[in-house]
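Please look through the sequence and the model shown here before reading on. The report after it is meant to be read with both in view.

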Amino acid sequence: MSNISEIQTIEHDVIVIGAGGAGLRAAIECSKQGLNTGLVCKSLLGKAHTVMAEGGMAAALGNVDPRDNWKVHFRDTMRGGKFLNSWRMAELHARHAPDRVRELEQWGAVFDRTEEGKIRQRNFGGHRYPRLAHVGDRTGLELIRSLQDYGIHQGIHVHMECTVLNLLLDGDRIAGAFAYWREKGRFVIFKAKAVIMATGGAGKAWRITSNSWEYTGDGYAMAYDAGAELVHMEFTQFHPTGMIWPPSVRGILVTEGVRGDGGVLLNKDGKRFMFDYIPERFAPETADTEEEGNRWLAGDKDARRPPELLTRDVVARAITREVKEDRGSPHGGAFLDIASRVPEEAIKKQLPSMYHQFKELAEVDITKQPMEVGPTLHYCMGGIAVDADSQQTRVPGLFACGEAAGRMHGANRLGGNSLSDLIVFGWLSGLGAAEYIKSLSSKPEINPSQVEEARSEAVAPLNRESGENPYLLHEELQTIMNDNVNIVRTKEELETAIEQLEELKKKMQTVKADGASQYNPGWHEALSLHSLITSAEMVTRAALMREESRGAHTRIDFEGEREEWEKVEVIVRKGESGMEVIKQDRPAPPKELADIAYATLEELEGTNG
Amino acid sequence: MAQATNVGGHQSGLAATLRKDNWWFEAAWTGIGFLIFAIYTTWAALQGDHYWHGSYLSPFYSPVFFTDPSAAGAAPEAHAWFGLFPDSLKAIWPSFIPLSPAILILIGPLSFRMTCYYYRKFYYRSYFMTPPACAVGGRPQKYKGETAILVFQNIHRYTLYIALTYIVILYYDAIISFSRDGELGIGVGSVILLINPTLLAFYTCGCHAFRHLVGGQLDCFSCSDSAKSRYGIWQKVSNLNSRHMLWAWVSMIWVGLTDLYVRLVSMGVITDLNTWGS
Amino acid sequence: MAERTIRIWRGDENGGEFVDYQVEVDEGMVVLDVIHKIQAKDANDLAVRWNCKAGKCGSCSMEINGRPKLSCMTRMNEYEPDELITVQPVKTFPIIKDLVTDVSWNYEQNKRIKPLLPKADAAGKDFIMMQEDVDRVQEFRKCIECYLCQNVCHVLRDQDKKGEFVGPRFMIRLAGLEMHPVDAADRIPQIRDEFGSGMCNITRCCTDVCPESIGLTDNAIIPIKERVVDRYYDPVAWIIRKMSGADEKREAEEKAADAKQAELQKTV
């Protein structure tokens, strides 16, 4: 395959990269807008990481507590994100989530029901009211299956097990993408006027993570290489409750729904330690006695929520601290106990997959024993910087949505806001792409030399006589990130990480893949190293720059939130001589939104509209 | 057993598998178990005698349409619905089959069992070997499933009606077994006879066709008052249905044992403990 | 820690062979962990499909000692310490490479199924459905599409009737739609004539292998067969339908629902 004209070429108006919730929703919208739409995914359709989402999707439907409305949801989101969120995105998200959830039901999703037969909603950390539309603890599966079953009838062209390696540009605007089929190892050129990145995050750069193998930061790296900016990369969310034992399952998620349904965190002395970790900002809205927490759980609307449901950053840090001070569980975590608080049948009904997961993988019966849990890397709040309304990056024709995009969640994402993020911004990016394509006056052209360069880079690992083992390089990366860029960070550790990443980049130049190109995971691993290491470097450099502790980013050498850092955001982009990391001023918030975010709850209740 | 190895390391052909457990065990015990029952039932039905004792009637012979009181242990004329075997029936009765009232009625319960969704599973596995066990090679054939000749399995709901009628009849038999020559009493046999239709009811009322008819055919359980009450019944039937296999076997074995008990008492091999003293 | 032997089928559509690997097995490991370990050390190019490694995505289906299983949920301590463990791809679908098969046939089947068609009075509005009305449907929606049921179903596996039967996975998809309280579409004729409800002889292997413990046979396939009986094989039900006009009512409902969808499309 020496001549690029021999490479298979497929033409669409728009291609969506990634077929999780965001990608599917974006593709559906593109198709509805009359675009010839291609959906390219690394795995089989319906297997994307969205299936692992458990607890639910946040939308102020007000079905369970009528006091809820978009403004309260918006306020919760901003406070959870420590006010770093894009004001406009948080607004769009809170306003549109209810309609997007209702639409899913029309498309076949079957949510759990209230007594009145409406979509049932559950409590979750950081959400003032029961807000998460859910299906037991498998909401992600319901979301992806509903979109999939609806989407396959919308005329979308689905390209499965196809990995995109590079974006192709015509000047500075999008012209398509370069990819390969896993099955045969053959290359393919997608010609497209617009590309929507729905590639998710980069959790696989860490060893202890709830993310699946696909989470290699492809979208971050491709957008970066194409000239887009990335924002908030320092904010990586550690979910407080991942499995920690046995070692082979370390990191697998234990849904926040366990706590939402009454589970409590205990240290080795059996103490509910979260009462000791209530931050000042949340003190007025958090129970300070076990008795009040129990009343809240029983449905007392005047009681305040128990501290186990504080935002994820707070809970994750609390567990880390307990372990550090020697009050952890035997395998270095905390006990999560629901067995002594909820009847056996109710646990099995509300948390079936958790029951199953512990029973099968850890031989623990959660209806009788406490679980052992600890923090696990779960989500990247940061991502590709996009325009809040159109989801377009600064590269014309390049759009991003879902976890791949940044700014929506600020410094910390609330549980349940990711699934609603997917469907709201998936939808908007589809509209944005359609708008952009309509405005194009000329068709972008593929640049053959860019394809040639991409191709020769891709085959290099297969052609080397000897070189580094890609799996071991990946493990090395995970060690660097787990040791140095974890929940609590210091300047020294971050600088060490940068040095080690530089070393690793050199080794990556000599990575070798055994065997042929046909369905060769070793080769795929080698090709994903670039994205993984680029993403890891972005996180590390951004974390080094932000000299404060806010949300999911904790620096022991710079404790507490600093006011000056609320006014700026850290931007990462490709410069002339490597990675550029800059501080950029944030625009002042629109007054009406600021009023909502800083209002008291009483002022907002019952004002949907 | 080993046949040509295909791509993927799989073998094809009857019983081909890499399973290491005793996968043949279930098919074997159910196959043999049912065979024993079938042989005994056929034998007992062909006897035409010793199905009656005092007030006890073997379920294999119930209801007795016609009787031949000349046979030992046969039902008295008063207990046959239509009295003695009519000559017209005797005339066409094949000479190689004994004149047994059971022949006339066993087809009823048998047709229910043979079209039952559980029995179908078991005999398709044990006898037809399509397949003998999961992930074990099936019998190579022109497979048509239940679309060609086996489409008759769809009469199951009608055989269900027959089976339900039998339960009523057998309860009637059980109740009258507590009365002998006008004297109320109780015996081991009457208790056995009472348990029999009860087990059959557990089996029959847990049947998939019954579950469908009482409520399963509805799309909405809450949309009307009648739907709500049908939902309640459906839930109970579903509970029975989840143990359909268990009830199928227990009730089948019990029917056989009931016949055996009546037969042995009637033959005088064992003595029935009862309040009548006979 | 114990060293043990794992036998894995390596090859592609042209053929291949079983290869033995020695691996150190740690506490709590599942079969997929062992495969990953072999992949990282001894066989970089060993092809295996997986995603979540938590039994939620249904990607890592394979046959372990002859039994169809999710390798991420099969713990090594299920086997005797000195037992040889043989791993091979699923049988029913064409091999791509090693443990990976081409399951695209399943995606084609799903496309043939008419999706949810909300009744005219429910379309575009919040559905009012009670929990007891959706319990049955939700059971089927637990399906993670691992296709173990498709693999083990002898109609597809031994008899290779892929043209005549959509397989258990799609029978439960159909059951979930047919039992949906607000669905107006009628799929019964297709279920009998095209999707092959009669091909299933209810030998229950699908139910046996389902990692989500879905009652495929009792709760989906048999109820669907019974609905087919209602329509085609029960003369009494036929007479009742004709006398009560139920057929016309059903057709009118579907037509109205189609019209409503068309109307909603226009307003978007």
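What follows is a short report on the chains, their contacts and some of their helices and strands.

## About the model

This is a predicted model, in which local features need pLDDT of at least 70 and side-chain atom pairs count only at pLDDT 80 or more, while totals for chains, interfaces and linings use all residues. Residues are numbered from 1 along each chain as its sequence is written, and chains are lettered from A and ligands numbered from 1 in the order in which they are written.

## How the chains meet

Of the 2 pairs of chains in contact, chains A and C share the most contacts, where two residues are in contact if their C-beta atoms, placed from the backbone, lie within 7 Å. Chains A and B, by contrast, do not touch, and their nearest C-alpha atoms are 10 Å apart.

The contact between chains A and C draws 50 residues from chain A and 48 residues from chain C. On the side of chain A that touches chain C, the elements giving two or more residues are α3 (87–106), α4 (139–151), α10 (352–362) and α15 (521–545), and α4(A) provides the largest share, with 5 residues. Helices (H or I, at least four residues) and strands (E, at least two) are DSSP runs, numbered from the N terminus. By class, this side of chain A has 19 nonpolar, 16 polar and 15 charged residues; here Ala, Val, Leu, Ile, Met, Phe, Trp, Tyr, Cys and Pro count as nonpolar, Asp, Glu, Lys and Arg as charged, and the others, Gly among them, as polar.

## A sheet in chain A

Chain A contains an open sheet of 4 strands in the order β1-β10-β9-β8, with mixed pairing. The strands β1 (8–11) and β8 (162–170) stand at the edges with a single partner strand each, so one side of each is left without a neighbour in the sheet. From one strand to the next, the twist averages 25°.

Within this sheet, β9 (residues 173–181) and β10 (residues 187–191) of chain A run antiparallel and are joined by 5 bridges, where two strands pair if DSSP finds at least two bridges between them. A:Gly176 has A:Lys191 in β10(A) as its bridge partner.

## Two helices in chain B

In chain B, helix α1 (residues 24–47) holds B:Thr30. α1(B) packs against helix α5 (residues 117–128) of chain B at an angle of about 100°, with the axes 9 Å apart. That angle makes α1(B) roughly perpendicular to α5(B), a term that covers angles of 65 to 115 degrees. Axes are lines fitted to C-alpha atoms, for helices over the stretch in contact, and angles run from 0 to 180 degrees between N-to-C directions.

B:Thr30 touches B:Phe122 and B:Ser126, leaving aside residues up to four places away in sequence. The C-alpha atoms of B:Thr30 and B:Ser126 are separated by 7.1 Å, although the two residues are 96 apart along the chain. B:Thr30 counts as partly exposed because it has 19 C-beta neighbours inside 10 Å; a residue is buried with 20 or more other C-beta atoms, placed from the backbone, within 10 Å of its own, exposed with 12 or fewer, and partly exposed in between.

## Chain C and its hairpin

Chain C has 11 helices and 7 strands, and 57% of its 268 residues count as buried.

In chain C, strand β3 (residues 61–64) pairs with β4(C) in the antiparallel sense over 4 bridges. These strands form a hairpin with 2 residues between them, and C:Asn65 in the turn has a positive phi of about 50°.

Conventions: Angles under 35 degrees count as roughly parallel, over 145 as roughly antiparallel, 65 to 115 as roughly perpendicular and the rest as oblique.
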